[in-house]
Amino acid sequence: IMSAPILAKPQLRGLLAKRLRFHIITAFILSLGCATMYKFGVAEPGKKAYQNVYRRYDAVKDFEEMNQAGVFQYRKP
């Protein structure tokens with residue numbers, strides 16, 4: 001008579017804590033990676049683009065061009 005192979009008992013005690021620890025650490029690392037990629041891929045280039053625009057921006061010249069184009073209208077009360 002052949003006997004069936006003995007199966008190992010599944011780990012039930014502490015399984016939730018073990019899985020949660022793994023998933024929380026993984027989520028933390030992934031969120032740090034995403035935040036870093038956003039900072040250097042989106043935020044910093046945006047800051048540099050605004051700096052370049054306002055470095056060359058002349059508000060008085062822009063106002064005079066809009067005034068000559070008739071953008072501003074004034075009505076006497």
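User: Is Tyr-57 buried or exposed, or in between?

Analyst: Tyr-57 counts as partly exposed, because its relative accessibility is 42%. Buried means under 20% relative accessible area, exposed over 50%, partly exposed in between (1.4 Å probe, protein chains only). This is a predicted model: local features need pLDDT of at least 70, side-chain atom pairs count only at pLDDT 80 or more, and totals for chains, interfaces and linings use all residues. Residues are numbered from 1 along each chain as its sequence is written, and side-chain values use heavy atoms, with hydrogens and water left out.

User: How many aromatic pairs are there?

Analyst: The structure holds 3. In one of them, Tyr-54 and Tyr-57 sit edge-to-face, 5.8 Å centre to centre with 80 degrees between the planes. Rings of Phe, Tyr and Trp (its six-membered ring) pair if their centres lie within 6.5 Å; planes under 30 degrees apart count as stacked, over 60 as edge-to-face and the rest as tilted.

User: Which residues make up the aromatic cluster?

Analyst: Tyr-50, Tyr-54 and Tyr-57 form one cluster. Tyr-54 is exposed, since its relative accessible area is 55%.

User: New topic. What does UniProt annotate at residues 20–38?

Analyst: The unreviewed entry labels residues 20–38 "transmembrane region". UniProt positions are given in the numbering used here, feature names are shortened, and annotations may be inferred rather than shown by experiment.

User: What is the secondary structure there?

Analyst: The span is 100% helix and 0% strand, and its end C-alpha atoms lie 26 Å apart. Leu-20 lies in helix α1. Phe-28 is in helix α1 too, which covers residues 15–55. Helices (H or I, at least four residues) and strands (E, at least two) are DSSP runs, numbered from the N terminus.

User: Phe-28, buried or exposed?

Analyst: Exposed, because the relative accessible area of Phe-28 is 51%. Leu-20 is partly exposed, at 43%.

User: How many helices and strands does the chain have?

Analyst: There are 2 helices and 0 strands.

User: And what is the radius of gyration?

Analyst: The chain has 32 Å, whereas a compact globule of 77 residues would have one near 11 Å. The radius is taken over C-alpha atoms; the globule rule is 2.2 Å times the number of residues to the power 0.38. Along the principal axes, the C-alpha atoms fill a box of roughly 110 × 35 × 25 Å.

User: What share of the residues is buried?

Analyst: Buried residues make up 0% of the 77.
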